[in-house]
Amino acid sequence: MMHSSPVQILLLGGTSEASALAKLLATRRDIPAMVSLAGRTINPVAPPIAFRIGGFGGVDGLCDFLGERGISALVDATHPFAERMSANAAEAARRMGLPLLALRRPAWQAESGDRWSEVADADAAMQALGKAPRRVFLTTGRLELPAFLGAPQHFYLVRSVDPPEELPPRAKLVLARGPFAEEDELRLMREEAIDILVTKNSGGSATYGKIAAARRLGLPVILLRRPEMAEIETVATAEEALAWIERQG
Ligand code: NAP
């Protein structure tokens, strides 16, 4: 017989929104919950509630996990670009008949003074940089970096949490984890004489400083557009997600 575990909420994490929700849940011992991390970050910040690390093994593996752990509701608080995990969560919830909520920050919207070009992916961003050498601030994350090896004429200021496997020939690496303040971003971009920013449209406040700094410096920004996600109920804050969880009881 399958043993029944006390865990009921599965929170798919890896974002500051997921951390905020885990913090709220840590004060609510009446709501048993577990965070799941992919294991991409070498030294992840340990969540304040129960957690597990690593992939589930696709939709089938996730369904098994949900069944074995007696999960009763699923909160997908993965990054807006974690397309596969979100699709797997939607399919597993459908198969298992479980309620699913997405906790997802809204995309950034251009303001007056912004000089944005939106592109579909890292390859298109690399193409959009053009032929002439530029000084690029590249914050797309290390997994998108290989695309930029195809444009070695540019200088890249690469910022990521963990070191990338390979850097373009003219590159400087900054290892750092957000949040990043606008004034610090402004200073960094000035010091490195950056003339263009390449970033994902991640949304949220933790990494918005570079967008505001680019606007102040009058610099162009190449933004990777968000992937299309299945239409599921979505909230933007940890507080709203907690209210949803309370309603599942
Ligand atoms: P992805 O491409 O959508 O997912 C690839 C595979 O990684 C999934 O199929 C799943 O493996 C596993 N996985 C992803 N998130 C997981 C989680 N929270 N718990 C357990 N397994 C997970 O995802 P990704 O873009 O590589 O992102 C990985 C993690 O980094 C996510 O937690 C995400 O929130 C975080 N993150 C991503 C970005 C980004 O730009 N993509 C930025 C910041 C943080 P199985 O199929 O084996 O289950």
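The centres of domain 1 and domain 2, taken over C-alpha atoms, are 29 Å apart. Domain 1 covers 9-105 + 228-248 and domain 2 covers 115-224, with bounds from an automatic or database domain assignment. This is a predicted model, in which local features need pLDDT of at least 70 and side-chain atom pairs count only at pLDDT 80 or more, while totals for chains, interfaces and linings use all residues. Residues are numbered from 1 along each chain as its sequence is written, and side-chain values use heavy atoms, with hydrogens and water left out.

Between the domains, 10 residues of domain 1 are in contact with 11 residues of domain 2 (contact: heavy atoms within 4.5 Å). About 810 Å² is buried between domain 1 and domain 2, and carbon and sulfur atoms give 56% of that area (accessible area, 1.4 Å probe, that two parts lose on being put together, summed over both). Arg40, Phe81 and Arg105 supply 54% of the area that domain 1 buries against domain 2, more than any other three residues.

The ligand has 22 residues around it, and Gly13, Ser36, Phe56, Met85 and Lys200 come nearest (a heavy atom within 4 Å).

| Residue | Protein atom | Distance to a ligand oxygen atom |
|---|---|---|
| Glutamate 83 | backbone N or O | 3.3 Å |
| Arginine 84 | backbone N or O | 2.9 Å |
| Lysine 200 | polar side-chain atom | 2.5 Å |

Taken alone, the ligand exposes 810 Å², and the protein buries 80% of that (Shrake-Rupley method, 1.4 Å probe).

Note on methods. A polar contact is a pair of N or O atoms within 3.5 Å; within protein, one must be able to donate a hydrogen and the other to accept it, and residues adjacent in sequence count only if both atoms are side-chain atoms.
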